[in-house]
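Reader: I'd like to learn how to read a structure like this one. Could you walk me through it?

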Amino acid sequence: MKVLFVAGDPKPERWTVPIKELLPEAEIHVWDANGPTVDADYAIVWQPPAELFEREKKLKAVFNLGAGIDGLLAVPNLPPHLPVVRLEDAGMSVQMAEYVLHQLLEASRGMETYREQQREGIWKIHRPIKRSEWPVGVMGLGHIGKRVARTLSDLDYRVNGWARSEHDLEGVTTFAGADSLPHFLQSTRVLVNTLPLTEETRDILNYTHLSQLMPGAVVINVGRGEHLVEDDLLRAIDDSHVARASLDVFRQEPLPSDHPFWQRPEITITPHISARTLRDATLEQITGKIRAHHSGQSITGIVDTSRGY
Ligand code: NAP
């Protein structure tokens, strides 16, 4: 079996050495734009060039080094029937739950206020949190959204969850489909986006939707930058309808230094770190699936390219 690694890492051996250890029966190759065709059976990729699919015609499946496959599906020449396999959790959902909890606590426990007080040497106690005032709404109830929803519900926050299909999650009030979105938003003060980027979800964090949230809303975006209409967020903040936003993903990354978000005290910016790809867990999952697929077993995580996730 031949496996081709295509990820533009200047030190590909960081990946190929563990891949060889986990999959000793395979011949491992690194993509070379000027090199010959390898006739690979499997490709492990992150943002591959379009030439990959022009050149490698014997691929049986392509494994994405991330959960979001919007970038891969946009590559021209991706053969329509080639199985595309996304990363399933692989240590990301726990990181996402931590990140979202941290951002939520900043707001619900007023941590910024205490930091300001410390700077001025002020010892002042504010009233305790009323959880009923901080209902959270998680958009997307997949590997990541479910873990986020469960974590916050375990801490006695009121949690709503919204997905395309019906879900039954203990401690979470669930909503399904576009028709239920207004009801979900109106019951939510802290909106957490964990959706994949698809034609249906692009621009979903827009003024119409943000203005349906409960007053003093908080927006936490860990999905993709293209989910958020940036000017609409600024407008909702200027209206004082949205009180703060924590953004980990942006339409343009790195976020340009003259971007207005940098100047807004209501916005917390992190550089796409809410859930890092963990190499060991990632490669264990992918090589396990390659071995299973090669021996004719079914594998999970194959993307439905028609719905985009
Ligand atoms: P997933 O398991 O595929 O879950 C996606 C969820 O979104 C599902 O619950 C799905 O509904 C729901 N959904 C999709 N389209 C929808 C629509 N039109 N309306 C309502 N709900 C919709 O994905 P995941 O592993 O949780 O990852 C989610 C996303 O997180 C990724 O695509 C990626 O963009 C992002 N991500 C970001 C980072 C980061 O560092 N910032 C890291 C990893 C992932 P159903 O359950 O009904 O199918």
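Predicted model: local features only at pLDDT ≥ 70, side-chain atom pairs only at ≥ 80, totals over all residues.

Reader: What is the order of the strands in the open sheet of five?

Author: Reading across, you get β2-β1-β3-β4-β5, with parallel pairing. β2 (27-30) and β5 (84-85) are the edge strands, each pairing on one side only. At the β5 end, strand β4 (residues 61-64) runs parallel to β5, joined by two bridges. F63 has V85 in β5 as its bridge partner.

Reader: Which strands does α1 touch where it packs on the sheet?

Author: Contact means heavy atoms within 4.5 Å. Axes are lines fitted to C-alpha atoms, for helices over the stretch in contact, and angles run from 0 to 180 degrees between N-to-C directions. Here α1 touches β1 (2-6), β2 and β3 (42-45), and its direction makes about 170 degrees with that of β2. α10 packs on the sheet as well, touching β1, β3, β4 and β5, at about 160 degrees to the direction of β3.

Reader: How do I describe two packed helices?

Author: You give the angle between their axes and the distance between the axes. For helix α1 (residues 13-22) and helix α10 (residues 279-294), that's about 45 degrees and 10 Å. Angles under 35 degrees count as roughly parallel, over 145 as roughly antiparallel, 65 to 115 as roughly perpendicular and the rest as oblique. So α1 and α10 are oblique to each other. Among the residues meeting there are W15 and L22 in α1, and L283 and R291 in α10.

Reader: Which way do the residues of β6 point, and are they buried or exposed?

Author: Buried means under 20% relative accessible area, exposed over 50%, partly exposed in between (1.4 Å probe, protein chains only). In strand β6 (residues 136-139), V136 and V138 point one way, G137 and M139 the other, and all are buried.

Reader: What does β6 pair with?

Author: β6 pairs in the parallel sense with strand β7 (residues 159-163) over four bridges, and M139 has W162 as its bridge partner there. β6 also pairs in the parallel sense with strand β9 (residues 190-193), over four bridges, where V138 is partnered by V192.

How values were computed:
Residues numbered from 1 in each chain as written. Heavy atoms only, no water. Pairing = 2+ DSSP bridges.
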